[in-house]
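Biologist: Before we go through this model together, I would like to learn how to read its features one at a time. Could you give me the general idea first, and then the case at hand?

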Amino acid sequence: MLKKRNFIWIILASLLVTTACYAQTAPKFDKTLSVKGLKENVVVRRDSRSIPYIEAKNEYDLYFAQGFETAKDRLWQMDLYRRVARGQLAELFGKQVLNEDKRWRKLGFSGIAEEGLKVLNPDLKKALAAYADGVNAYITSVDKKDLPVEFKILQYEPTEWKPTDTIVVGKILADSLSTTWWQDLNRLNLKKLPKDKYEAITNKVTPSDVILFGKDSAKTRTATAESNISLPKIDDELIEGIETAKEIRKKSLERIGFYAKDLAASNNWVISGKKTADGKAILANDPHLRPTAPGIWYLTHLSTPNLKVAGVTVPGVPGIILGHNDSIAWGATNVGPDVQDLYIEEFNDKGEYKTPDGWKKPRVRKEVIKVRSNLLKPETVDETLEVVETRNGVIYRESGGKKLALKWTARIPKNQEFEAFFLLNRAKNWNEFKSALKSYGGPMQNFVYADTKNNIGWYAAGRVPIRRKGEGALPYNGSTNDGEWLDYIPFEELPNLYNPPSGFIVTANQRIVGTDYKYQQLVRQFAAPWRAKRIYELIDSKDKITMDDVSDIQFDSYNIPLSSFAKEIVKRKAASTETLEVLKNWNGKMKADSVGATIASAINSCVGNEIASVNKPASGWMFRNTIMHWAIPNNEKRWLPAKYSSYDEMLKTCESKSIERLSKIKRLGTNKSNWKWGNYSQATFQHPLAAAPLIGGQFKANFTNVDGSGQTPNVGDSVSMRFVAKPANWDETRHTIPLGQSGNPQSKHWKDQFDSWRTGKSMVFPFSSEIVKSVAKETTLLMK
């Protein structure tokens, strides 16, 4: 009996000790919330920036909780995204956005998403369903009065979130980063110029290029790419309509923060341990897209017993798009290949279109668009749009009896935007990284890589068509098979590097392959080399690079071409004494407090426009990016407008015009001390309701203290996030977005990250469980 009592006391004592230990280690919850639909309890920690660190026991609950928490912060933004991609925005904003809806309806992404779901990776399909369940759990749990203020202002409520909503959000990314159709028409139009000028403007090669793969050969490929196809005749009306079509697209994408001017969006680089202070690899990435409030990225940390990953995603998309797991880090920049083709279709009076096999009937679908009649009332009227599709694609534009069909990789359901990222979240090494990228069907990206074993790499991944004839640079005759897509560039033949001898890799939307590369359609639209060149030089010039050095490079605002332009003016003395003094003392940096940056930029724009005025249809932008940096120093007479006797005269005239124009800008005035770059090039984070009378003020986020420009590593307000990671220590990761996590303008997290972003001092984003727990400001238990 005594032994039995002793045994009981031992058991009780053990239980007391266990209970005491558990009490010390068990998480303390600030909140508990019962959420219908969870399989197990989920822990959500939020730090001082309100970043959610979601800890779940299985992947269903992980993505369910991610959907729940993201909707809590960004529900209206998510609803806005899917409405844009589905062409349903006129239901909120009326006829002013009707043409935007028509454009999206023609593209038909709602139907394509349904077909895409059928062929989706089964595991990703489960994740999308779980995420949708979480979003819907939040929608049903929130009181109507607690919905985001935008729903109240616009007098409507959110509908159920579907897995296909995530898929259509991916199509916004495709539209933002792979739309090049207008260049086919523009290139055809440029052929009106003398041959030597056409070749100069369309020449890809410059002495400043940062080529990663292959090399430039003396032989140009322009003739080869264009000579073996029969060029169709294009009406001037179709050409003239390009700018209108581009403006409709621009407004649509700017509204939601996905507009990337000329597809030039982002910097990234990786540095191996041979060039860093501690011998460990570093990866950096900063995507560039149109600023909005809130921004397009949402910081998140996700973990289960088998998965741990952190970084940013787009609200509405489960998992992490750019970031790292416990083995590798990755980043992305846009490549700009030709994945869109135009076909001039010939129709007869029966509504049939011509093919090599005779006349065929097109497919016709009717789209009903709901249009709000009065912006102050939710009632709508229906407008029907008839959409016609040929074997080549959707009839996207028509004018003067000509109809243009558009073929695009994004309109092929099996080309998925998010499967690769789902797999990257789980990749452990270079081979698994490459395997994940094989599935990538979104807009082609320069994916950079770094891992915990100090390896670095780069792979340009995406699906780029191989045509029967040509490279897709010009429109095709739709009645022939010349423009037929035979296949995609084989994955194994796509450009890539792994542990290069240089010890670093830089991409900044520049031309990444030399002219000897077999598939030149891979670099149809690319950025001028200035950002890439500046980043390359800064890394190349220094060894023992630190995380701080990398952050400084991201924030660098030195403008190579504009600085050279200003020096050329000073050298020629081609301006007033006052302007010459300003330019002489300017350091070439696009600092918010710089007057020299403003004056140099204004004169540069004027010169580009003057040259363009006598070289139509080329634009001033083309000359500023491809011609001026060498034509002016070399006094190239063919580019000098006849009304000027010399470049000096043109520069002086443009200085006078620019000074006059700047003085007439109300926010600048005649006092030149106010002509600071930050005042001239204001940072505006656009919200769709910011311009609304009375209620719009709460959404405004405008600043005059932001450095940078489009030709500097720091591109100013278009930097959509900054990310720097060292795989050897994930807790040193720096990751910051421009404003904040919350979409609520009344929240303290609406723009609490702005100063960190603006100054280039990105905040640490911890990863290890111990540090995450230590930085948590609020811990919530989501109960099943």
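Biologist: Within what distance do the axes of helix α19 and helix α20 come, and at what angle do they cross?

Modeller: Please keep in mind throughout that this is a predicted model. In general, two packed helices are described by the angle between their axes and the distance between the axes. Here the axes of α19, residues 577-585, and α20, residues 595-613, come within 9 Å, and they cross at roughly 115°. Because angles of 65 to 115 degrees count as roughly perpendicular, α19 is described as roughly perpendicular to α20. The crossing in which α19 passes α20 is left-handed.

Biologist: Which residues of α19 and α20 meet?

Modeller: On the α19 side they are Thr579, Val582 and Leu583, and these meet Val595, Gly596, Ile599, Ala600 and Ile603 of α20.

Biologist: How do α20 and α23 cross, and is the crossing left-handed or right-handed?

Modeller: The axes of α20 and α23, the latter spanning residues 647-663, come within 8 Å and cross at roughly 120°. From α20 the contact draws on Thr598, Ile599, Ala602, Ile603, Cys606, Val607, Glu610 and Ile611, while α23 supplies Met650, Leu651, Cys654, Glu655, Lys657, Ser658, Arg661 and Leu662. The residues of the contact of α20 with α23 divide into ten nonpolar, two polar and four charged.

Biologist: Let us turn to burial within a single helix. How many residues of α4 are buried, and which are they?

Modeller: Helix α4, residues 98-107, is mostly covered, since seven of its ten residues fall under the 20% relative accessible area that defines buried. The buried residues of α4 are Leu98, Glu100, Asp101, Arg103, Trp104, Arg105 and Leu107. After α4 comes Gly108, which has a positive phi near 70°.

Biologist: And what covers the buried residues of α16?

Modeller: In α16, residues 530-540, the buried residues are Trp530, Arg531, Ala532, Arg534, Ile535 and Ile539. Their cover includes the strands β4 (267-271) and β23 (504-507), together with the helices α17 (547-554), α18 (560-572) and α22 (628-631).

Biologist: What is the phi of Asn454, and what is that of Leu694?

Modeller: Asn454 has a phi near 75°, a positive value in a residue other than glycine, and its place is the loop between β17 (445-451) and β18 (456-461). With a relative accessible area of 26%, Asn454 is partly exposed. Leu694, likewise not a glycine, has a positive phi of about 70° and lies in the loop between β24 (683-684) and β25 (702-703). Its relative accessible area of 91% makes Leu694 exposed.

Biologist: Finally, is Gln77 buried or exposed, and what does Gln77 touch?

Modeller: Gln77, which lies in helix α2 (residues 59-86), is buried because its relative accessible area is 6%. Leaving aside residues up to four places away in sequence, Gln77 touches Pro294, Gly295, Ile296 and Pro315. The side chain of Gln77 also has a polar contact of 2.8 Å with the side chain of Arg74.

Biologist: Where is Asn392, and which residues does Asn392 touch?

Modeller: Asn392 is in the loop between β14 (380-389) and β15 (394-399), and at 6% relative accessibility it counts as buried. With residues up to four places away in sequence left out, Asn392 touches Tyr343, Glu345, Ala405, Leu406, Lys407 and Gly478. A polar atom of the Asn392 side chain lies 3.4 Å from the backbone oxygen of Gly478.

How values were computed:
Residues numbered from 1 in each chain as written. Predicted model: local features only at pLDDT ≥ 70, side-chain atom pairs only at ≥ 80, totals over all residues. Heavy atoms only, no water. Axes fitted to C-alpha atoms, helices over the stretch in contact; angles between N-to-C directions. Helix = DSSP H or I, 4+ residues; strand = E, 2+ residues; numbered from the N terminus. Parallel < 35°, antiparallel > 145°, perpendicular 65-115°, else oblique. Left-handed = near helix turned anticlockwise from the far one by under 90°. Contact = heavy atoms within 4.5 Å. Buried < 20%, exposed > 50% of the residue type's maximum accessible area, 1.4 Å probe, protein only. Polar contact = N/O pair within 3.5 Å; in protein donor to acceptor, adjacent residues only side chain to side chain. Nonpolar A, V, L, I, M, F, W, Y, C, P; charged D, E, K, R; others polar.
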